[in-house]
Amino acid sequence: MRVLAVDHGQARIGLAISDAGGRVARPLHALAHVERAADAARVAQLAAEHAAECIVLGLPKDSDGNIGPAARRVQRFGAVLAEHTAIPVIYWDESNTTKRAAELSGRKRTARPALDAIAAAIILQDYLDAHAHDAHPIAP
């Protein structure tokens with residue numbers, strides 16, 4: 001099962017895709033933010049082009065695990081995305097993914113779009129690893 005992951009930010013949207021077996025994530029690229037509906041349409045189109053069966057949307061929770069303004073922004077985007085596709089949209093905790101992406105890149109001056117795509121790959125790999133033994137990996 002191929003899965004597309006989204007790291008939704010205010011300036012860019014990082015994307016990652018899994019292999020066909022749903023085991024390994026790789027960064028895809030980052031899109032420049034335009035506006036919510038246009039961004040959702042582009043993500044839905046990419047999901048269809050890559051034959052994704054699921055879209056994992058990173059949800060930024062605060063240090064206490066609560067939903068704050070950034071997470072509410074992502075939820076609003078997710079609602080619009082769900083209007084543009086029949087592919088299930090699942091929220092997944094994205095805590096510290098940008099920091100982990102910077103550490104993984106090993107370079108102090110990695111371009112932000114690349115970091116956003118790497119962060120999306122981290123979100124996706126975390127999701128895939130958590131569901132590696134599930135009979136039905138598409139779970140809320």
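Predicted model: local features only at pLDDT ≥ 70, side-chain atom pairs only at ≥ 80, totals over all residues.
Let's start with a hairpin of strands. Strand β1, residues 3–8, and strand β2, residues 12–18, run antiparallel, and 5 bridges join them.

Now the whole sheet. It is open, with 5 strands and mixed pairing. The order is β3-β2-β1-β4-β5. At the edges sit β3, residues 25–32, and β5, residues 89–93, each pairing on one side only. On average, neighbouring strands are turned by 25° against each other, direction ignored.

Next, the helices. Helix α1, residues 36–49, lies across β1, β2, β3 and β4, where β4 is 54–59. Helix α1 runs at about 150° to β3. Helix α2, residues 69–84, lies across β1, β4 and β5. Its angle to β4 is about 165°.

What about the interior? The largest nonpolar core has 21 residues. Val6, Leu15, Val43, Phe77 and Leu81 touch the most other members. Two or more residues each come from β1, β2, α1, β4 and α2. Apart from that core lies another, of 13 residues, including Ala5, Ile90, Ile123 and Leu128. As background, nonpolar side chains in soluble globular proteins tend to be buried together.

Which residues is phenylalanine 77 in contact with, leaving aside neighbours within four places in sequence? The list is Val6, His8, Arg36, Asp39, Ala40, Val43 and Leu57.

On to charges. How many salt bridges does a search of the whole structure find? The search gives 2.

Arginine 12 is in strand β2 and aspartate 116 in helix α4, so the pair ties together parts 104 residues apart in sequence. Arginine 12 counts as partly exposed, because its relative accessibility is 23%. Aspartate 116 is buried, at 5% relative accessible area.

The other salt bridge joins arginine 42 to aspartate 39, with closest N and O atoms 3.0 Å apart. Both residues lie in helix α1, 3 residues apart, about one turn of the helix. Arginine 42 is partly exposed at 26% relative accessibility. Aspartate 39 sits at 0%, so it counts as buried.

Last stop: histidine 131, in the segment after α4, which covers 112–130. Is histidine 131 buried or exposed? Its relative accessibility is 10%, so histidine 131 counts as buried. Its side chain reaches the backbone oxygen of tyrosine 127 at 2.9 Å.

Technical notes: Residues numbered from 1 in each chain as written. Heavy atoms only, no water. Pairing = 2+ DSSP bridges. Helix = DSSP H or I, 4+ residues; strand = E, 2+ residues; numbered from the N terminus. Axes fitted to C-alpha atoms, helices over the stretch in contact; angles between N-to-C directions. Contact = heavy atoms within 4.5 Å. Core = buried A, V, L, I, M, F, W, Y, C linked by side-chain atoms within 4.5 Å. Buried < 20%, exposed > 50% of the residue type's maximum accessible area, 1.4 Å probe, protein only. Polar contact = N/O pair within 3.5 Å; in protein donor to acceptor, adjacent residues only side chain to side chain. Salt bridge = Lys/Arg side-chain N within 4 Å of Asp/Glu carboxyl O.
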